[in-house]
Structure formats: structure tokens, C-alpha cells
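Dear colleague,

I am passing on a structure for you to look through, and my notes on what was found in it follow below.

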Amino acid sequence: MITKQNVLELDNNDPIGFARDRFYIPPGKVYLDGNSLGLMSHDTHARVAEVTNRQWGKDAITSWNKHNWIGLPQRVGEKIAPLVGAAPGQVICCDSISVNLFKTLAASLTLVQTEQPQKNQVLSTPDNFPTDLYMVQGLQQLLGQQRCELVLEKEQQLADAVTDTTAVVLVTEVNFRTGRRLDVETLIAKAHAAGAMVIVDLAHSAGVLPVDLDAWQADFAVGCTYKYLNGGPGAPAFIYAAERHHAKLQQPLVGWMGHANPFEFTPNYSPAPGISQFLGGTPPVLSMSAVDAALDAFKDVNLGQLRFKSMQLSELFHDLVVQFELTSELTLIAPEDRNQRGSQLSYESEHAYGICQALIERDVVADFRSPNYLRVGFAPLYNSFHDVYLAVQALADVIESKAHLSERWQQRNAVT
Ligand SMILES: Cc1ncc(COP(=O)(O)O)c(C=O)c1O
Ligand SMILES: Nc1c(O)cccc1C(=O)C[C@H](N)C(=O)O
């Protein structure tokens with residue numbers, strides 16, 4: 001039997017508990033939606049004020065040099081790099097995951113097909129996040145099936161589905177619906193043995209799992225900064241490209257910021273060396289500055305301890321769900337083994353939307369994913385064990401009072 005006292009002890013003994021004070025916690029709320037939008041840190045709030053008040057407000061255009069706005073994509077990329085196991089010079093902050101997928105898909109197809117023109121398939125999973133699949137479909141339309149054909153295989157059979165015609169494997173480490181974490185390292189080894197490249201989507205990994213791109217020998221990776229990196233709504237994404245590919249890189253969205261000498265304004269494109277050639281247009285200075293400041297919340301936080309706490313949080317949540325006897329309404333679809341999960345739990349329920357809305361009414365923020373999943377995200381930087389206790393208490397209250405069955409939940413919001 002888990003008691004409130006046990007839970008408070010976990011908080012008292014939490015070696016990274018100090019990080020919670022770095023964030024604005026919405027007053028009176030338990031926020032378990034950092035897997036969709038991370039919370040704002042005090043540093044981020046202060047930086048946005050500084051950038052608008054002083055940099056833009058007073059120094060205006062001189063800030064490109066004076067405050068090094070122009071170097072933000074590289075600077076922020078270098079700050080993300082240690083969180084994803086990348087040595088310097090391989091990560092840059094820019095665009096959205098979707099746009100970065102387009103660039104890395106095109107670049108990897110070109111690299112593979114230069115040596116092995118018969119390889120035309122991009123292998124992925126039907127339950128990948130839709131934008132990942134749409135980007136391949138768009139490229140397939142543009143390049144034709146001879147150069148790009150999307151092939152889908154079940155997540156757990158992905159490694160065995162790599163064939164002679166596989167050019168690129170596009171994999172998301174943590175499934176956004178189920179929270180299942182894939183063994184990306186083994187997948188990369190299998191793909192490489194067959195002469196294919198791998199692009200890893202780290203949307204639900206960066207800032208919460210110990211990602212090791214260099215050690216895994218990943219070819220490319222993409223990720224967002226608005227979830228566990230807490231960069232803010234619509235914050236720019238990042239790209240990783242392994243250094244061994246830099247000399248031969250070719251990506252189609254060549255913009256002036258990715259030029260070797262953008263301020264020479266020459267008519268012909270010549271790529272900047274290294275990772276910078278993935279840049280397209282002008283960086284979004286306000287939101288990229290927010291990301292820059294948000295990353296300081298990881299200062300002195302050990303990533304192993306972060307992962308351990310994330311697993312403890314999800315385990316505590318589910319143990320309490322079992323203790324409160326809620327499993328007849330909620331079926332766990334995340335793996336039972338906490339090692340095989342990212343930092344979220346997902347439950348299937350006929351009434352998942354109503355449960356989610358009734359929870360929000362009780363100041364517990366989780367989210368719903370179609371058709372009938374309740375997702376609960378754990379952000380170990382700022383979530384406490386007590387948060388989890390309060391959340392499951394509220395969940396028990398929803399189910400006991402049948403608040404989830406209210407007519408009011410017949411109509412769904414546009415964004416869930
Ligand atoms: C796995 C995954 N990839 C991509 C995205 C979307 O990427 P973006 O909106 O930054 O293009 C999301 C969620 O927003 C996601 O969960
Ligand atoms: N990126 C989002 C957005 O711009 C609005 C609302 C939600 C999101 C999301 O994070 C979706 C998300 N990737 C997911 O895991 O469901």
C-alpha cells in the first residue's frame with residue numbers, strides 16, 4: 001500500500017528536486033502534459049523580457065552583432081548537443097521537425113543513392129507521428145517512386161524489415177500514442193549492415209531520455225524544443241547530422257542563411273561548411289532566445305538521475321492506478337516494463353476524452369489522443385511525486401463520481 005507519506009519521502013530524497021523551483025508551475029495545478037508543451041522557466045521569462053525590452057527595444061538591428069542573434073542557431077544547437085549525445089559541430093537549431101525531416105530525408109536519400117541507386121525505400125511504421133509519414137509522402141510525390149517509396153512495417157518488426165532496397169529507416173524513438181521506447185541502437189546497427197541510413201525522431205526523447213546519437217552511430221536526427229526542452233509554444237526544432245556525412249551533404253532547401261557567405265549576397269549557392277548548411281532563412285530570434293534560456297534549466301542535472309526519476313514517476317502513477325482499482329476503466333497500453341517506456345503512460349478507455357476533460361476541471365492537466373487514449377506525461381525536471389499522487393486521486397474521483405460520462409464531453413475541442 002503506497003501512502004502519501006511514502007510519496008512525500010520520495011520528494012524529500014529526490015536528488016534533482018531542486019530543478020522544480022526553476023519553473024513557473026501553474027498555480028494550483030498538476031501539470032502532466034510536458035510531453036506536449038513544457039512549462040516556462042524563470043530564466044526563459046526573464047530572457048524574453050530582456051530580448052524584447054533591451055535587445056530589440058533599444059539596440060534594435062545592431063543586436064544581430066551586439067547580442068549575436070546571428071549565431072543563435074549554432075549556439076543553441078551546441079547547447080542541445082550534450083543532451084542527445086552529440087559531439088560539437090553536429091546539431092543546429094532551426095525550423096520545425098516537419099521541415100527538418102524533409103531536409104534530412106532528402107539528404108539521406110541522396111547520400112545512399114549516390115552509391116546504391118537501386119535503394120529507393122523509406123521504411124517507417126504506420127503509427128509513427130503523422131507528419132513523419134506525410135513528409136515522406138510529399139517527397140515521394142516530388143521525386144517519384146523510383147527514388148522514394150514509403151514502406152510501413154509494425155514498430156516491433158522494423159529491424160527485421162530492412163531489406164536490400166531500404167535506403168532510409170525513419171524511426172521515432174518513443175511512440176507518441178503508446179509511450180513505447182524502441183531499441184534504436186540495434187535498429188541502426190541492422191540498417192547499417194544493409195547499407196541503409198537512419199533518421200531518428202527525438203520529439204519525445206530529447207531532454208528526458210539519455211540519448212546517445214554518436215555512440216549509436218545515428219546518421220541524422222530531428223527533435224523539437226517545445227516538449228521536454230521547455231522552449232515554448234512553436235519553439236524551433238533541431239537537426240543532428242553525423243560529422244562523417246558533412247563533406248558530401250546535399251539538402252534541397254538551400255536558403256541564404258545556409259550559404260557559406262550570406263552577407264556577400266551572391267547569386268549562386270555555395271553551402272556553409274558542416275551543420276550550418278541545414279539553415280534556410282532568418283532565425284526566429286524571440287523564440288530561439290527562449291530556447292537558449294530554457295536549456296539552462298538542465299544545469300547541474302544529471303541525465304541518468306533524470307531518467308531514473310522519470311521511470312519512478314511513471315511507475316508510481318501506474319501503481320497508484322492499480323491501488324485505487326481504476327484498471328477496469330483504464331487499460332494500460334504503454335509497456336508494463338518501465339525500461340521500455342519513454343516518459344509517458346497511455347491508457348485506453350472508451351471514455352478517455354471525458355476522463356481527460358474531467359481531470360482538467362479538477363486542475364490535473366493530461367491530454368487525449370484520438371481515438372480513445374488518455375496520455376499522462378512526466379517531466380522529471382519539474383514534476384514531483386506528490387503531483388502524481390494528487391493526479392491519481394483526482395482520477396479516482398472522476399471515475400467514482402462518473403464525471404467522465406457527462407454530456408458536456410460529447411463535443412470535442414479542436415486541439416486536444
Ligand atoms: C514524434 C513527433 N514528431 C513530430 C512532431 C511535430 O513536429 P513539428 O510540429 O515540430 O513539425 C510531433 C509533435 O508535435 C511528434 O510527436
Ligand atoms: N506540437 C503540438 C502543437 O503545436 C499543438 C498541440 C499539440 C502539439 C503536440 O505536441 C502534438 C504532439 N507531438 C503529440 O505527441 O501528440
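**Ligand surroundings**

The shell around ligand 2 divides into three nonpolar residues, one polar and no charged, where Ala, Val, Leu, Ile, Met, Phe, Trp, Tyr, Cys and Pro count as nonpolar, Asp, Glu, Lys and Arg as charged, and the others, Gly among them, as polar. Its residues are Ser36, Phe176, Ala203 and Val415, a residue being near a molecule if its C-beta atom, placed from the backbone, lies within 6 Å of it. Please note that this is a predicted model, in which local features need pLDDT of at least 70 and side-chain atom pairs count only at pLDDT 80 or more, while totals for chains, interfaces and linings use all residues. Residues are numbered from 1 along each chain as its sequence is written, and chains are lettered from A and ligands numbered from 1 in the order in which they are written.

Around ligand 1 there are 13 residues, of which Ser96, Ile97, Ser98, Phe129 and Ala203 come nearest. By class, this shell has six nonpolar, five polar and two charged residues, and helix 5 (97-115) and helix 6 (130-143) each supply at least two of its residues; helices (H or I, at least four residues) and strands (E, at least two) are DSSP runs, numbered from the N terminus.

**Domains**

The protein chain is divided into domain 1 (4-16 + 301-410) and domain 2 (50-298), with bounds that come from an automatic or database domain assignment. Their C-alpha centres lie 31 Å apart, and 21 residues of domain 1 are in contact with 14 residues of domain 2, contact meaning that the C-beta atoms of two residues, placed from the backbone, lie within 7 Å. On the side of domain 1 that touches domain 2, the largest share, five residues, comes from helix 10, and by class that side has eleven nonpolar, seven polar and three charged residues.

**Helix 7**

In helix 7 (residues 184-193), Val184, Leu187, Ile188 and Ala191 are buried, that is, 20 or more other C-beta atoms lie within 10 Å of their own, whereas a residue is exposed with 12 or fewer and partly exposed in between, the C-beta atoms being placed from the backbone. Seen down the axis of helix 7, its buried residues fall within an arc of 100 degrees (taken from the directions from the helix axis to the C-beta atoms), so they line one face of the helix. These buried residues pack against strand 5 (166-172), strand 6 (197-201) and helix 8 (213-216), while on the other side of helix 7 Thr186 and Ala193 are exposed.

With kind regards
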